[in-house]
Amino acid sequence: MTISNKKFGSLGEAAAADYLKQHRYKILEKNYKNKLGEIDIIARAGNTVVFVEVKTRSADPYLSGKYAVDQRKQFHIFRTAANYLEQKQCRLQPRFDIIEVELDRTTGKTLGINHIKAAFSQSESYSRF
């Protein structure tokens with residue numbers, strides 16, 4: 001029996017949050033939503049606020065989660081992050097990471113985690129949003 005897609009994604013996000021905590025990140029928000037979009041995890045590392053997109057995948061050497069974060073998805077993440085920073089009056093340096101989580105589809109066991117720091121960036125000012 002395989003795990004439902006919703007449960008599968010939740011397990012991946014939980015594994016990513018645990019990974020971040022083990023690496024001394026402070027989790028600020030999980031599944032943060034506003035009118036502009038959603039960000040899976042918002043964490044703090046020193047003077048940096050890290051916006052994390054989690055991509056959960058089954059074992060497949062030909063499929064990488066980072067390729068699912070296309071320019072359109074990045075744009076939504078930037079807008080959502082800019083809104084978060086303004087709403088929270090956060091002055092920390094933002095960074096945009098992707099965490100790829102590989103899970104066993106039947107057991108939900110974490111097989112691997114790939115943390116891509118600064119996976120993408122916004123070269124224009126956040127003020128345009």
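**A residue and its sheet**

Guide: Ile113 touches Ala15, Tyr19, Ile99, Glu100 and Val101, leaving aside residues up to four places away in sequence; contact means heavy atoms within 4.5 Å. This is a predicted model, in which local features need pLDDT of at least 70 and side-chain atom pairs count only at pLDDT 80 or more, while totals for chains, interfaces and linings use all residues. Residues are numbered from 1 along each chain as its sequence is written, and side-chain values use heavy atoms, without hydrogens and water.

Ile113 counts as partly exposed because its relative accessibility is 32%; buried means under 20% relative accessible area, exposed over 50%, and partly exposed in between, with a 1.4 Å probe and protein chains only. The C-alpha atoms of Ile113 and Thr56 are separated by 9.3 Å, although these residues are 57 apart along the chain.

Ile113 belongs to strand β5. Strands (E, at least two residues) and helices (H or I, at least four) are DSSP runs, numbered from the N terminus. Five strands form an open sheet with mixed pairing, in the order β1-β2-β3-β4-β5. Its edge strands, β1 (26–34) and β5 (110–120), each pair on one side only; two strands pair if DSSP finds at least two bridges between them. Within the sheet, β2 (residues 37–45) and β3 (residues 48–57) run antiparallel and are joined by five bridges. Ile42 has Phe51 in β3 as its bridge partner.

Finally, helix α2 (residues 71–87) lies across β1, β2, β3, β4 (93–103) and β5, at about 110 degrees to β1. Axes are lines fitted to C-alpha atoms, for helices over the stretch in contact, and angles run from 0 to 180 degrees between N-to-C directions.
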